[in-house]
Each structure stands twice: as structure tokens, then as C-alpha cells.
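Let's take a friendly walk through one protein model, stopping at a cavity, a helix and a loop. Keep the structure open as you read.

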Amino acid sequence: MSASEAPSASELDTLVARAAAAFAQAGTPADLENAKAQYLGKTGHLTTLMKGLAALSVEEKKARGAAINQAKQAVEAALNARRQALADAELARQLQAEALDVTLPGRQRGAGGLHPVSLAWERIEQIFGSMGFDVADGPEIESDWFNFTALGNPPNHPARSMQDTFYVDMQDADGQPYCLRTHTSPMQIRYATAHAKRHAAELTAGRMREIRVIAPGRTYRVDNDATHSPMFHQVEGLWLGENVSFKDLKAVYLDFCKTFFETDDLALRFRPSYFPFTEPSAEIDIQFQSGPLAGKWLEVSGSGQVHPQVVRNMGLDPERFIGFAFGSGIDRLAMLRYGVSDLRQFFDGDVRFLQQFA
Ligand code: DAH
């Protein structure tokens, strides 16, 4: 069919059908626009037919023009229908891709929490703080002097074997190796020595400045089983002044335990023991009167009256500074408080265990 010849009605129908088929084949909007150009574009079939009308008579123009226009409208209708179908399909695809399952459980940011040992540690600081104790801390890599000798435990003393020690490849001025502190007791010497220096003028003038301090922290020993870990936590306590006695130790420690374990139903006893830095020395045992641990004596702390030589090593007068010290395992206190039977659970880092305390 050339442009100058007038198309027959069936030719126009065929054209419309071909256009509709071409549109139906177009899988994307871009394909569809290309197909459209072939029929409705500047050189498209229908446009060419329209141009061809110019050569016809007025009568023919009327009749053919109307027929071509009808065909053009049919093609446009098919085009619009296909456009809509493609848009609908695209929307459906997007909805499918972005579908939300509103029945899924919500996602939450996990709330962090303090480790049970930290909880116990904070509790200890808070309770002793309320009883007027200062809180001190010091180095975990400790010299032989502070960890042993100043505490009445010189080299070759048999009591050194009480604590299996990690040594560090580094020596102090006396040629003694540094160690990872085996207990928090060196803090007694460090704190009291600083105290003696700080208040030297008042002390020489005969005035009393009591020492009341706790020193919680990490400690280390070559030890590893269900109740011992190479790294563990202790809290040291020291109260030195005029006439501070075992009676005060018992009152303070019992009070601490009652608050820490949140029960008044608690008994406390001293059991004779030995430590090189106290004389006399005692283990402190407690007994719950009710609850799962009721009736058992549980060892919670070493303690004793601070040895006069240790007081001298602090730079203080042992005739005036008399009192007690204690050293308790924080992990042990936490185990008793939270009913944990294996110490290693504290250090395994298993979230299922830890989140119970969050
Ligand atoms: N330092 C001792 C230990 O770890 C515990 C201890 C006992 C501390 C008696 C003291 C004390 O202050 O008076 O085995």
C-alpha cells in the first residue's frame, strides 16, 4: 500500500491488528515507545496515510480521512491499554519486591547490662562507701615489695607457696621480679604509705587520721578449676585507727553481708587461720539460715589484725595504728549471691548466661 493510494477498510483493520500485536509484544515501556513510533511517529504508517490524503479529492478525503482517523484512534487505544498494562505489571512487581510481612516479630536493639561480677563489685563499693570507706585501686603488675615482702612475706618465706604466682620478666631495683599481683593486699601498703605521707604533719603533731579503705580489683594466680580462675577478683579492706578491734571487724563485715545478700538471717564466725600480714588471723565464714544454702558454713574472706611490722612498713606507728584487714573474693560473693555454681561461667562470655543479669 503506497501513500498515494487510499487504503481499503480491511487494510486499515489489518494495520490496527498489527499495531496491537506489536504493542502486545513490547515487554518494556521503551519497546512500546519504539513500536508506537512505527505507527504513530512522524514516518509511521498512519502518519504516512494521513499525508497521502492530500492527493485525493474533497469527497474521498472526507470518507478516507474519517476511516484513517478511526484506525488511528483504535491504535492509540491499544497503545494506551498496553501502557497501562505495563505500568500495572511494574507496580505489582514493586509491591511484591517490597512486601512487608507484618506478622514477623519486631526487631529490637538488645539492651546491654553489667556483668554479674561488675554488679557485685559496684554493690560492694556502694555498701562500704556508705560505711565511710574510701575506694582505692592500684597496679596489677606489682613489685615483690608490695605484693610480698612488705606484707611480712620476704623471699624464701614458706608462706610464699600459699600463692602460686605469675612472674613478669622484669626486675625491680632489688633484683626481684615483678609479678601479677596475687591478691589485693599490696593496696594496704600503697594506700597507707600515701596516707602516712599526706598527713605526716598532723600525725607527728600527735593527731589521729584513721584509715578506712577498700580496694577492689583483679588478681592473678596459677590456678584453674570450677572454683578457681587464673584471673579473679578480690576486695581488700583496711581499717586502722585507735582501738579498732575484731569487734569492729565483726560488726562491719556482718553488716556488709546482710546488706549484700539482702537478709538479716545470717550468722558469721571467725575460724583461726594464718596469714603473714595479720596476727591473729582468721577466716570469715557465713551461714544463711534460710534459702538454698541454709545451714552450710561458707568461707567468704581472710582477715585479721594487721601485724605491727606491716604497720611499720606503711610508715605508721604500730602503737597507735591498730586495726583489721580483710580480703574477700568478689567472684565468690557474686556466686553466692546469684546462685552460680561454676566460677568459669563468669568468664566464658556466653550471652545466654550473662543476659540473665541484664
Ligand atoms: N590476701 C589474702 C589472700 O589472698 C586474703 C587476706 C587475708 C587479706 C587476711 C587480708 C587479711 O587483708 O587480713 O589469700
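## Sorting the residues

Ala, Val, Leu, Ile, Met, Phe, Trp, Tyr, Cys and Pro count here as nonpolar, Asp, Glu, Lys and Arg as charged, and the others, Gly among them, as polar. By these classes, the lining of the largest cavity has 6 nonpolar, 2 polar and 1 charged residues.

The model is predicted: local features need pLDDT of at least 70, side-chain atom pairs count only at pLDDT 80 or more, and totals for chains, interfaces and linings use all residues. Residues are numbered from 1 along each chain as its sequence is written, and side-chain values use heavy atoms, leaving out hydrogens and water.

## The cavity

A cavity is a set of points on a 1 Å grid over the protein atoms alone where a 1.4 Å probe fits but cannot get out, and its lining residues have an atom within 4 Å of a point. The largest cavity holds about 40 Å³ of space. Its lining includes Met187, Tyr191, Ile214 and Leu238.

## Helix α9

Which residues of α9 are buried? They are Leu249, Val252, Tyr253, Leu254, Phe256, Cys257, Phe260 and Phe261, where buried means under 20% relative accessible area and exposed over 50% (partly exposed in between; 1.4 Å probe, protein chains only).

At the start of α9, a side-chain oxygen of Ser245 comes to within 3.1 Å of the backbone nitrogen of Lys247. After the helix comes Glu262, with a positive phi near 55°.

## A loop residue

Gly339 sits in the loop between α11 (330-338) and α12 (345-348). Gly339 counts as exposed because its relative accessibility is 65%.

Conventions:
Helix = DSSP H or I, 4+ residues; strand = E, 2+ residues; numbered from the N terminus. Polar contact = N/O pair within 3.5 Å; in protein donor to acceptor, adjacent residues only side chain to side chain. 1 Å grid on protein atoms, 1.4 Å probe; cavity = no way out; pocket = protein on both sides within 12 Å on 5 of 7 lines; lining within 4 Å. Points joined across faces, edges and corners; volume = space filled by probe spheres on them.
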